[in-house]
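Here are my notes on the model you sent over. Have the structure open beside you as you read, and take the points in any order you like.

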Amino acid sequence: MGIDKKLVSGIIRSTILGLFLTLSIGVKANAMTIVLDPGHGGYGTSGAGAIYPPYMEKSVNLSIASQLKSELEAAGIKTYMTRTSDSEAPSLEQRAAYAKSVNADLLISLHMNSSGAHDKFGSEVWTSMYGSYYSTGASLGSSVLSQLTGLGFSSKGVKTKLGNSGDYYGIIRYGAAQGVPTVIIEHCFMDNAYDRSILDAKGTGALAHADAAGIINFVNSVGGAGASLPKSSPVVLAEGATSTGNTAGAAVNPTVKANTGAGGSSASVSVTFPKDAAGNIIYTDPQGNKGTYTPAQWNQLLSNWTYTGKPEYFIRQQRVSDLDKMCGKS
Ligand SMILES: [Zn+2]
């Protein structure tokens, strides 16, 4: 963390030396910027995450992050980390705010999974439910998962999870609130014999290398290390949202992107819904009925979108009468 002294001196120099240098420095300032978040952290075993000797999750996450940072930097991607030691324990809000402070294009939180019965295995990526935060996260996530499966892990897919205040996972919720697309990579289950055999044999370096390849492929698909991602409006958090859940954030983009392939993992479809002159979204159901929804109502419908683990339930297939009920119109 801290000020990029090179950049600051570059800006001062460019101001003195004139327009040409300003332009060349400007390209650098707008280059792809990624913040890696090694999950958990804290003194001793506090904030350790999962512990399965000799692995302690916070240390494994940090080890992957450090190696990944080197690989991304070697590919020309500006890379920062939310923590650089295992004793640091920034809050999830601080991690997201840090990503915003360095104008990050992506916040990538690195984790290792575990389950009570030790019977779960495979890699998964979690992303935001909202508009372009979803599409960016889904695209980045699939790219990373395709590399992790190359190591022998099975892919559990890119997923979203709904909580009482929008996205269930804090780092994703706070990331979107800062306007930074955020994903969680759960590399594998440290407590599962099959996943563990791969981790033991190949080491954290292999995980970092797979992440790097997936991230670099994604970055190349959106213009390369010299380009930054178009920024989206931050998702507004509903403060103090409680109980009955499914609280809407601000309306983002009336686009729904969902997996439609077998197992929910292959093809994806993007549909942009028309709007009327007042900015309300016009939806036509398969029966030909039309419904008109304010951005707030539409967002409430999107936030009711729960991941089922099956080919996703596409909002396009919903009847207007059901959508009206879901957003309290009837
Ligand atoms: Zn974790």
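1. Let's begin with the partner of T284: in β14, its bridge partner is K290. Strand β14 covers residues 290-293 and runs antiparallel to β13, with 4 bridges joining the two. Strands here are DSSP runs of E at least two residues long, helices are runs of H or I of at least four residues, and both are numbered from the N terminus. Two strands count as paired if DSSP finds at least two bridges between them.

2. Before going on, please keep in mind that this is a predicted model, in which local features need pLDDT of at least 70 and side-chain atom pairs count only at pLDDT 80 or more, while totals for chains, interfaces and linings use all residues. Residues are numbered from 1 along each chain as its sequence is written.

3. Elsewhere, 6 strands make an open sheet with mixed pairing, in the order β4-β1-β5-β10-β6-β7. Its edge strands, β4 (78-81) and β7 (155-159), each pair on one side only. From one strand to the next the twist averages 20°. Strand β6 (residues 123-127) runs parallel to β7 and is joined to it by 3 bridges; S123 has S155 as its bridge partner in β7.

4. Have a look at the helix pair too. Helix α5 (residues 131-148) packs against helix α7 (residues 193-221) at an angle of about 140°, with the axes 8 Å apart. Axes are lines fitted to C-alpha atoms, for helices over the stretch in contact, and angles between N-to-C directions run from 0 to 180 degrees. That angle makes α5 oblique to α7, since under 35 degrees is roughly parallel, over 145 roughly antiparallel, 65 to 115 roughly perpendicular and the rest oblique. Residues making the contact include L140 and V144 of α5 and I215 and F218 of α7; contact means C-beta atoms, placed from the backbone, within 7 Å.

5. Finally, the overall tally: the protein has 9 helices and 14 strands, and buried residues make up 41% of its 330 residues.

Conventions
Contact = placed C-beta atoms within 7 Å. Buried ≥ 20, exposed ≤ 12 C-beta atoms within 10 Å, placed from the backbone.
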